[in-house]
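Let's take a friendly walk through a protein model together. Keep the sequence and the 3D view open as you read.

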Amino acid sequence: MRRELPDGSELDDDPERVDAEAVWRFLTDSYWAKGRSLETVERLISEATRVVGLFDDDETVGFCRVVSDGEQFAFLFDVYVLPEYRGRGLGLELVREAVEHPPHRDLPWYLGTSDAHGLYRRFGFGEPNPERLMFRPRGPSAG
């Protein structure tokens with residue numbers, strides 16, 4: 001999948017295109033991945049079921065990864081858009097691509113987060129439990 005967005009940025013699920021060092025630089029300051037090593041980030045990208053990168057030309061400016069067994073669950077991890085790209089609906093498109101498009105759209109989804117709950121509610125995620133876990137039930141066309 002490769003999709004251009006109205007502002008000229010682009011979504012792409014090719015893991016080879018994702019700049020792991022750029023992802024690591026952002027994640028190392030995040031509350032959920034502080035201290036994660038570059039080697040770990042590289043491994044998590046390569047072992048993900050799917051990644052979706054947000055690109056301005058060839059610069060990685062947003063990212064998320066999906067881990068799934070393809071049948072019973074999908075888990076959304078490491079969602080971010082660089083601060084200077086926020087407020088344009090790019091995070092919305094990043095999450096939409098990950099959770100509303102094949103191959104995982106109809107699976108039950110999980111996400112652990114302390115912020116952006118309103119964004120995730122737009123995609124059917126419920127209120128977070130005390131451990132920050134949000135859940136979206138199985139989609140209607142899933143078997």
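The paragraphs below cover aromatic rings, then some backbone details, and finally a group of charges.

First, a word on the ground rules. This is a predicted model, in which local features need pLDDT of at least 70 and side-chain atom pairs count only at pLDDT 80 or more, while totals for chains, interfaces and linings use all residues. Residues are numbered from 1 along each chain as its sequence is written, and side-chain values use heavy atoms, with hydrogens and water left out.

Let's begin with the rings. A pair of aromatic rings is described by the distance of the centres and the angle of the planes. Here, rings of Phe, Tyr and Trp (its six-membered ring) pair if their centres lie within 6.5 Å; planes under 30 degrees apart count as stacked, over 60 as edge-to-face and the rest as tilted. The count by this rule is eight aromatic pairs. One of them joins Phe26 and Trp32, a tilted pair with 6.4 Å from centre to centre and 45° between the planes. Now look at Phe26 and Tyr80: why is this pair called stacked? The ring centres are 4.0 Å apart and the planes meet at 10°, so the pair is stacked. This pair links distant parts of the chain, since Phe26 sits in helix α1 (residues 20-27) and Tyr80 in strand β5, 54 residues apart. Helices (H or I, at least four residues) and strands (E, at least two) are DSSP runs, numbered from the N terminus.

How covered are these residues? Buried means under 20% relative accessible area, exposed over 50%, and partly exposed in between (1.4 Å probe, protein chains only). Both Phe26 and Tyr80 are buried, whereas Trp32 is partly exposed at 27%. Ring pairs connect Phe26, Tyr31, Trp32, Phe63 and Tyr80 into a cluster.

Next, follow the backbone. Asp78 is not a glycine, yet it has a positive phi of about 55°. Asp78 lies in strand β5 (residues 74-81) and is buried, with a relative accessible area of 6%. Ala116 also has a positive phi, near 55°, but its place is the loop between β6 and α4 (117-121). Ala116 is partly exposed, at 38%. Then find the cis peptide bond between Pro102 and Pro103, where omega is about 15°. Pro103 belongs to the loop between α3 (90-100) and β6 (109-112).

Finally, turn to Glu59, in strand β4 (residues 59-68). Glu59 is partly exposed, with a relative accessible area of 41%.
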